[in-house]
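Student: Could you pick one part of this model and go through it slowly with me? I'd like to know what sits around it.

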Amino acid sequence: MLRRVNFYSICIAFGLSVLLILAGSRYTDNTYYRPSPESHRIIEINIPQQTPTNPDDSSLNIATIMEKTRYKIKIELENYNFTVSSVKRLEDLIMESGGQPLRSIIISTWRSGTTFLGEVLNSVPGNYYHYEPLLNYEIIQIRGSPYSDKALETVTKMLKCDYNGMDEYFEYGKTHLHQFSHNTRLWDHCKYRKELCLDADFTSKFCKLFPFQSMKIVRVRLHLIQQLLENKELNIKVVLLIRDPRGVMQSRQHRNFCQPSPDCWKPELLCADMISDYVAASRLIKLYPDRIIVQRYEELALDPNSTVPSLLKFLGISPTTSVEEFLLSHTNVEVSGVSSTFRVSREVPFKWRNVLNYNFVEDIQLVCKEALDLWGYKLVHNATHMISKDFNPLANYTLMQ
């Protein structure tokens, strides 16, 4: 009897050992897992403490940082096709060398996909990202006086890499470091030396090293951007990013910043701005056909592998492997968090159909019918129609002739 008990004990112990080995190997293999374009999963991520790319970076002097940055840009763009950017060599796009960078601005509003598109452009090697230069204006829409002149002056100075006299911008940044952290090339240095981000002389010189500049603005309406388009020195290109107001309002429900501001939580104001942007886009595209383009967020999210190369071509930027890698990693895996740009992109545009109450959708449509019609978004007729698999909210649209 004792022998039989010992035999069973040995068998159980052996079985447990095998299970532990298999479990351990499973988690080890997951380290190398990469999702296929057809698969996705939802991930909870704890972002680790950021550490220097180079452990010695925190002690480098300004001259060494500048020299390392010049070298890094040169290496990253070693195989870049500069003819696509209408120049012959890298130096033609660098202000420090007497050249002019390619400048692009995304114009939209809160929760319309600008963070995703902004990071797509920032994945281009040698890009300097002016993230939300007007954060200090808080949650308002700038449609004219009294804020428009000062706001456009700030934007112009930043695109010229002139940070001198921008005291309000730097003062706001002292307590809102996300104003700088989205600019990954700048943040690589001042995430351990915050004073660099607050130094007008350093940021001005550092900005002038980069051949590409991108900016996203969600607080200025399109008609005001004509002033920037008229500035031949800037030679900017503009992407107007439009999103279905029902999707915008659904996304804004998750943001605490929105509720105190009528410009953010009132759909009638959102849609009045969409109508204004439609009229402005129709006029400005006639005046500057090679300098402004409209992109609907839904088409960007549903088919990023087609729309992104098309946008890059319009902006005069050659496709790069870094952009392809960004799209692969950010459009097939979902990471929790309202500001996350890791999304299964094809599932995002019409999420509002399954989460919004039909009565709320009806209220939005009541004040947004003209904007929906102008931008090619179909109306929902009832609750059943809203969730029907046969309902496609997208229709064609045309700008005014």
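Tutor: Let's start with the largest cavity, which has a volume of about 100 Å³. (A cavity is a set of points on a 1 Å grid, over protein atoms alone, where a 1.4 Å probe fits but cannot get out; points join across faces, edges and corners, and the volume is what probe spheres on them fill.) The structure has three cavities of 30 Å³ or more. Keep in mind that the model is predicted: local features need pLDDT of at least 70, side-chain atom pairs count only at pLDDT 80 or more, and totals for chains, interfaces and linings use all residues. Numbering runs from 1 along each chain as its sequence is written, and side-chain values use heavy atoms, without hydrogens or water.

What lines the largest cavity? There are 13 lining residues (an atom within 4 Å of a point), and Thr109, Arg221, Leu270, Met274 and Asp277 lie nearest its centre. Strand 5 and helix 12 are the elements that give two or more residues to this lining. Helix 12 supplies the largest share, four residues. (Helices, H or I with at least four residues, and strands, E with at least two, are DSSP runs numbered from the N terminus.)

So let's follow helix 12, residues 267-287, where you'll find Asp273. Asp273 is buried, with a relative accessible area of 8% (buried means under 20%, with a 1.4 Å probe and protein chains only). Which residues does Asp273 touch? Leaving out neighbours within four places in sequence, Asp273 is in contact with Gln141, Arg143 and Arg221 (heavy atoms within 4.5 Å). You've already met Arg221, among the residues nearest the centre of the largest cavity.

Five strands form an open sheet in the order 3-4-2-5-6, with parallel pairing (two strands pair if DSSP finds at least two bridges). Strand 3 (127-131) and strand 6 (292-296) stand at the edges with a single partner strand each, so one side of each has no neighbour in the sheet. Ignoring direction, neighbouring strands are turned by 20° against each other on average. Helix 12 packs on this sheet, touching strand 5 (237-242) and strand 6, and its direction makes about 140° with that of strand 6 (angles run from 0 to 180 degrees between N-to-C directions of lines fitted to C-alpha atoms, for helices over the stretch in contact).

Over at strand 3, five bridges join it to strand 4 (residues 212-217), and the two run parallel. One to find yourself: Tyr131 has Lys216 in strand 4 as its bridge partner.

Key: Buried means under 20% relative accessible area, exposed over 50%, partly exposed in between (1.4 Å probe, protein chains only). On a 1 Å grid over the protein atoms alone, a cavity is a set of points where a 1.4 Å probe fits but cannot get out, and a pocket is an open set with protein on both sides within 12 Å along at least five of seven lines; lining residues have an atom within 4 Å of a point.
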